[in-house]
Amino acid sequence: MSGTPFQVAALKRVTMSISSGEFVGIIGETGSGKSTLVQHFNGLLKPAGGEVLFEGKNIWTGEMNLRELRSRVALLFQFPEHQLFEETVFADVSFGPRNLGLSGNELEERVRFGLECMGLDFGVFKDRSPFQLSGGEKRRVAMAGILAMRPQVVILDEPTAGMDPLGRRQFMEQVSRLHREEKLTVILVTHNMEEVALLAERLFVFYHGEMLLQGRPADVFGADSLIKGTGLEIPPLSELLQRLCRQGKGVRTDIFTVNEAAQEILQLYRKECV
Amino acid sequence: MSGMRSITLGHYLPGNSLLHRLDPRAKLLSLLIIITALFLVNTFYGMLFFVFFLLAAFLSTKLPWRYFLRGLKPVLYIVLFTLVLHVLFTKGGQVFWRFGALTIEERGVYLGLFMTLRLILLVVTTLLITLTTSPIAFADGIEFLLRPLRFLRVPGHEIAMMMTIALRFIPTLMEESDKIRKAQMARGADFESGNVFRRAHSLVPLLVPLFVSAFRRADDLAVAMESRCYRGGENRTKMRQQQITPLDYLGVFTACGIAAAIVFTGV
């Protein structure tokens, strides 16, 4: 499209860095450039200007093999169940590692790892057709296919879109466990503010192709007026705690679970009403 | 897959010229007549007339040149092939050039150039219509023209509906294939290297999900249409009722006139 009147700048002036082992969230309304941005991280899109560095190396100058990069920085697209194509779950999950040249025991080990990370039993699932699984299972199999490459970084683009609340919670718990136990760097692109507030250590807020804000979830959601202009919503919990804070009540605003928030408010209640 | 993006099916360019405003039914009918006339022309004088006629029609549409050139590109090889075949293998008349068993003779050059011109003019005529008719109007026109074949049980409405749906889904499927291709590339798939067989094989991870999703979409669409009580062409009215204007008659009569003149004068 470049050079035609249809050309548009999808992303402008974006400078960001993500450290190894971090869990970051990228949020922004539909069309804000989030998905375009993350496709630059593993070289699926080439920036028209600017550069993308991985471990200090520019990914486009030829020092880095793009296929190798993609196995280390894995990207799970939205509705990943649409990418399944093999006859069995084993064959599908092993597609990534096979492309890395693995075979035999090592391949099986990778597939087992991937499936079990997502809470799918290797023995039960390996010979089933991916097309006969339920929606949630399909998505886990797709995720297992990414994890079987043993990446250092996973980019998840709206991984829980269209899932029921229980499925969502389980999926994100598995991701969060991988982050903790395998030291996996996770980049989560989402609309779900509660999810990202709870899990991410740092947030990047995108609006119309530009990065509007970055920081800890508590700070980002504290920047009330800025966030509201982007078409995003502050998680109800944060909203409540912030309102209390503005009324001069001494509550913490960096709490993102219902239980902790209940404790905090209960404490306040006891202090003030006794 | 940049090659896939360059497919410009139904490359309609909106505008407000005479040809744009003509009724699609009149346009399609005129197109058929002009194409038939192009096949009946026997002399270069006749061809020359068509060159000027189509040039005038083209100028009246105010369409940019490059859209025509782009439209002509796919047939370039067929045209060249025809030219070479005629020049080398049609015999008769003065011999221009001889190399062993190969000869280039007067009749071959004449027929080669004539056929080339005819092919190019056929494509230009068709382009003039497709560039100025929206796909939906085009399908409506087809439906109308197929109506006389109803007694042969040709399902005109269904054919038009299929065309419309197919055109509607081209961009969707293109987007889908782009997404799946990227998703598989993220899993280390390689679509570019290797010989023909390897590359054909590497398309499996792209084609299987694409077909699955196409069937899923078809299913969804069928359910959506049925739940709106769609049941084919019988007694169905249209949202855009097309009005035949005197201009449309004029167009069809002009086309008829040209064809008749060609037949009677024998040019």
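Student: Which residues have the most contacts inside the largest nonpolar core?
Tutor: In this predicted model, they are A:Ile26, A:Ala74, A:Leu76, A:Ala144, A:Val154 and A:Ile155. The core has 66 residues.

Student: And which helix gives the largest share of this core?
Tutor: That's helix α7 of chain A, residues 135-147, with six residues.

Student: Let's pick A:Ala144. What does A:Ala144 touch, leaving out residues up to four places away in sequence?
Tutor: A:Ala144 touches A:Val93, A:Gly114, A:Leu115, A:Cys117, A:Met118 and A:Leu120.

Student: Which residues does the second, separate core include?
Tutor: Among its 17 residues are B:Ala37, B:Ala255, B:Ala259 and B:Ile262.

Student: OK, chain B then. How many of its residues, in percent, score a pLDDT of at least 70?
Tutor: 96% of them do, and the chain B average is 85.

Student: Which elements of chain B have the lowest and the highest mean pLDDT?
Tutor: Helix α1 of chain B, residues 2-5, has the lowest at 41. Helix α11 of chain B, residues 204-227, has the highest at 93.

Student: Where is the pLDDT of chain B below 50?
Tutor: Over residues 1-9 of chain B. Beyond near neighbours in sequence, that stretch has seven contacts in the model. Where pLDDT is low, the predicted coordinates should not be read in detail.

Student: What ipTM and pTM does the model score?
Tutor: The ipTM is 0.84 and the pTM is 0.75.

Student: Switching to strands. Do β7 and β8 of chain A pair in the parallel or antiparallel sense?
Tutor: Antiparallel, over five bridges. Strand β7 of chain A covers residues 202-207 and strand β8 of chain A covers 210-215.

Student: Which residue in β8(A) is the bridge partner of A:Tyr207?
Tutor: A:Glu210. The hairpin has two residues between the strands, and A:His208 takes a positive phi near 50° there.

Student: How is chain A divided into domains, by the way? What are the bounds?
Tutor: Domain 1 of chain A runs over 23-233 and domain 2 of chain A over 235-274. Taken over C-alpha atoms, their centres are separated by 33 Å.

Student: How many residues of each domain of chain A are in contact with the other?
Tutor: Nine residues of domain 1 are in contact with seven residues of domain 2. On the domain 1 side, α9 (193-199) and α10 (217-222) of chain A each supply at least two residues.

Student: What kinds of residues make up that domain 1 side?
Tutor: Six are nonpolar, one is polar and two are charged.

How values were computed:
Residues numbered from 1 in each chain as written. Chains lettered and ligands numbered in written order. Predicted model: local features only at pLDDT ≥ 70, side-chain atom pairs only at ≥ 80, totals over all residues. pLDDT = per-residue confidence, 0-100. Helix = DSSP H or I, 4+ residues; strand = E, 2+ residues; numbered from the N terminus. Contact = placed C-beta atoms within 7 Å. Core = buried A, V, L, I, M, F, W, Y, C linked by C-beta atoms within 7 Å. Buried ≥ 20, exposed ≤ 12 C-beta atoms within 10 Å, placed from the backbone. Pairing = 2+ DSSP bridges. Domains from an automatic or database assignment. Nonpolar A, V, L, I, M, F, W, Y, C, P; charged D, E, K, R; others polar.
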